Amino acid sequence: MSNTETHPTETVCGADADGPPPPGIEVLTPRDVPLGGPRAMRVRRTLPQRARTLIGAWCFADHYGPDDVTESGGMRVPPHPHTGLQTVSWLFSGEIEHRDSLGSHACVRPGELNLMTGGHGISHSEVSTRGTRILHGAQLWVALPGEHRDTARDFQHHVPAPVALDGGQARVFLGTLAGDTSPVRTFTPLLGAEITLEPGARVTLDVDPGFEHGVLVDTGDVLLADTPLKPAELGYAPPGRTALTLANRASGPARLLLLGGPPFEEEIVMWWNFIGRSHDEIVQAREDWMKGSRFGEVQGYDGAPLPAPELPNAPLKPRGRVR
């Protein structure tokens, strides 16, 4: 998916029931962003925003649907470039056809992870399939650490098995949770899991205290450490917790994505679909894309690649973790 701008935030404090109050939970509210085109599909973006650029190495979160594609037009994102990041595609319903300049041709399906490594440069297209009626899911990005930001392009696919929880279920697509570990390779320690909670359920999960965590709510009336989260909101928990308590107060099931990782201490420059460390790196990436070098070609897409927008007049400044 293609990146645009940042969003506002609000803060709500909460605490676990036992022991001293842990650091407060931030509630990050999304902003609606059109993907483009006359029948633009709209997405809800919670990362990045001015108050919080990263959660671990997670640097971008779009949440979309459920959309009836006969009304919204579905997803049709022409070939576009990426540098310095990995893309994580996760669906709740529908199907998206993925093609990239590595030669990968795959479908993104519910409960299946597609992870693409941009590194020095890759391009790809994303199109909802003809058989899709309802499109619903999340597109996430992970910033690559400086020593690996020019790594070779790559593509990985994984279907995590469901893990039973007392009052719910988890599908661990990155990292380790509830006794399950994903085999997918990443360049920093990460956690990524879909969690469903039964009506009235309250689940406590052991987590790494060195990680910061984000909970992106898809459906349900969810509490994160007794802090309420509405659908499309993202709750942020700073490092220091050995467990996270999630509760569903709704009469129906709840679904959420749990993201985490150790604080990403590097500053990054993030513009359009590129992540670098300086303004000049971004300028070079844009120039390379516009002249047709570095990123390769996407075979099989019927249409022209997406042109890069104009750079802003002011130099792009690095941004890092909010402390």
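Visitor: How many aromatic pairs does a search of the whole structure find?

Guide: The search of the whole structure finds 7 aromatic pairs, where rings of Phe, Tyr and Trp (its six-membered ring) pair if their centres lie within 6.5 Å, and planes under 30 degrees apart count as stacked, over 60 as edge-to-face and the rest as tilted. This is a predicted model, in which local features need pLDDT of at least 70 and side-chain atom pairs count only at pLDDT 80 or more, while totals for chains, interfaces and linings use all residues. Residues are numbered from 1 along each chain as its sequence is written, and side-chain values use heavy atoms, with hydrogens and water left out.

Visitor: Why is the pair of Phe60 and Trp141 called stacked?

Guide: Their ring centres are 4.0 Å apart and their planes meet at 20°, so the pair counts as stacked. The pair links distant parts of the chain, with Phe60 in strand 5 (residues 58-68) and Trp141 in strand 12 (residues 134-143), 81 residues apart; strands here are DSSP runs (E, at least two residues) and helices are runs of H or I (at least four), numbered from the N terminus.

Visitor: And is Phe60 buried or exposed?

Guide: Phe60 is buried, with a relative accessible area of 0%, and Trp141 is buried at 0% as well. Buried means under 20% relative accessible area, exposed over 50%, and partly exposed in between, using a 1.4 Å probe and protein chains only.

Visitor: What about Trp272 and Phe274?

Guide: Trp272 and Phe274 form an edge-to-face pair, 5.6 Å centre to centre with 85° between the planes, and both residues are buried. Ring pairs also link Trp271, Trp272, Phe274, Trp289 and Phe295 into a cluster.

Visitor: Which charged residue sits over the ring of Phe92?

Guide: That is Arg255, whose charged end is 4.2 Å from the centre of the Phe92 ring; a charge sits over a ring if NZ of Lys or CZ of Arg is within 6 Å of the ring centre and within 35 degrees of the ring normal. Arg52 lies over the face of Tyr236, at 3.8 Å from the ring centre.

Visitor: Where is Arg255 in the strand pairing?

Guide: Arg255 is in strand 25, where it is the bridge partner of Thr196. Strand 18 (residues 191-197) pairs with strand 25 in the antiparallel sense over 7 bridges, and two strands pair if DSSP finds at least two bridges between them. Strand 20 (residues 212-219) also pairs with strand 25 in the antiparallel sense, over 7 bridges, with His213 standing opposite Gly260. Strand 25 (residues 254-261) is mostly covered, since 7 of its 8 residues are buried.

Visitor: In what order do the strands of the open sheet run?

Guide: The open sheet has 7 strands in the order 3-4-5-12-7-10-13, with antiparallel pairing. Its edge strands, each pairing on one side only, are strand 3 (31-34) and strand 13 (154-158). Within it, strand 7 (residues 85-93) and strand 10 (residues 113-117) pair over 4 bridges, and Gln86 has Thr117 as its bridge partner in strand 10.

Visitor: Switching to cysteines, how many disulfides are found?

Guide: A search of the whole structure finds 0 disulfides, a disulfide being a pair of cysteine sulfur atoms within 2.5 Å. Cys59 counts as buried because its relative accessibility is 0%, whereas Cys107, at 21%, counts as partly exposed.
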